[in-house]
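Please look at the structure below together with its sequence.

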Amino acid sequence: MKITAISIFPEYFAPLELSLIGKAREHKIVDFKAVNLRDYTYDNHHTVDDTPYGGGAGMVMKPEPWGEAIDAVIDKSDQLIDLVILTPAGKQFNQRVAEEFSNSAHLLFACGRYEGIDARVADFYRSAKNVRVHEISIGDYVLNGGEVAAMVIIEAVTRLIPGVIGNPDSLAEESHNELGSVEYPSYTKPALWRGHAVPEILLSGNHGEIAKWRTTQGKLRSKGEPHK
Ligand code: ADE
C-alpha cells in the first residue's frame, strides 16, 4: 500500500519510522512519503493561507498549493487514489472505515491547518477520475491540524494489512470486528496481584464458558461500565 501525507509540517510523521509501521516500511508492505505543501507555492513567503471570504476569524488554506501538490501525487500514480481530507466536519472515523481504507492501493492524506482547506479542493477532486474523496474526522473535538488525525488513521489501517501484525489471530479476535462490542479485559501472571485475583473462570479451562464471559465483559466495557 502507498501512503502519502501532504502537510506544512512533514516532520510530524517521523514517528512512523518506529515500531510496527517502521517494520512494514522496511519489508516494503507500506510505502510512506510525506510531502511539504510549501514546495508547491511560488511566492517568496511560501504562503499557504489567506483570510476567509465572508469574513470571520482565522485563516483558510488556499486552494492553489493543494491543487498542485495533489496533482503531483496523482500524476505519478496509475492507481485509484483515496484522498482523505482531515476535518472536524468530516464523517467519523471508526473500525469499519479503517477496514475499508486497508483495501486501498494508495491513501493520500491532506492535512489542513488553520480553519481548514478551501472547500473547492474537495469539490474539484470529487469529480476527478481515479480519485475517491473522503472527508474524515477522528472525533468530536478540534485539533490544530490534520497531522495527528492522519497518524491515528495510518496506525489503525496499516495494522490490518496482512504481514504488518505478527499474529493475525489477534486481529481476528479483536471484538471491534463485531459492531458494538469492545475488547474484554485481559490478565496474565501472577494470578494474585496486590490483593486482586484473576477472575476464576479464566483459570477453569472451560473454553465455552470463558468465551461467554468475555463477550459479556466486552459488552459492559463498550457501555463505558467497568468490568466485573
Ligand atoms: N482537524 C482538526 N480537528 C480534526 C479532527 N477532529 N479530525 C480530523 N481532522 C481534524
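The largest pocket has a volume of about 480 Å³. A pocket is found on a 1 Å grid over the protein atoms alone, as an open set of points where a 1.4 Å probe fits, with protein on both sides within 12 Å along at least five of seven lines; lining residues have an atom within 4 Å of a point. Grid points are joined across faces, edges and corners, and the volume is the space filled by probe spheres set on the points. Of the 28 residues that line the largest pocket, Leu86, Thr87, Pro88, Glu115 and Gly116 are the closest to its centre.

This is a predicted model, in which local features need pLDDT of at least 70 and side-chain atom pairs count only at pLDDT 80 or more, while totals for chains, interfaces and linings use all residues. Residues are numbered from 1 along each chain as its sequence is written, and side-chain values use heavy atoms, with hydrogens and water left out.

Which elements each supply at least two residues of the lining of the largest pocket? They are β5, α4 (120-126) and β7. Helices (H or I, at least four residues) and strands (E, at least two) are DSSP runs, numbered from the N terminus. The largest share of this lining, 5 residues, comes from β5. By class, the lining has 15 nonpolar, 8 polar and 5 charged residues. Here Ala, Val, Leu, Ile, Met, Phe, Trp, Tyr, Cys and Pro count as nonpolar, Asp, Glu, Lys and Arg as charged, and the others, Gly among them, as polar.

The largest pocket is the space taken by the ligand, where more than half of the atoms of a molecule must lie within 2 Å of the grid points for it to sit there. β5 (81-92) and β7 (131-137) are the elements that give two or more residues to the shell around the ligand. With 3 residues, β5 gives the largest share of the shell. The shell residues divide into 8 nonpolar, 4 polar and no charged.

Polar contacts (pairs of N or O atoms within 3.5 Å) come next. A nitrogen atom of the ligand is 2.8 Å from a polar backbone atom of Tyr141, and a nitrogen atom of the ligand is 2.9 Å from one of Leu143.

Two backbone points remain. The peptide bond from Lys189 to Pro190 is cis, with omega near 5°, and Pro190 is in the loop between α6 (168-173) and β8 (192-193). Lys28, in the loop between α1 (19-26) and β2 (31-36), has phi near 60°, a positive value in a residue other than glycine.

Technical notes. A polar contact is a pair of N or O atoms within 3.5 Å; within protein, one must be able to donate a hydrogen and the other to accept it, and residues adjacent in sequence count only if both atoms are side-chain atoms.
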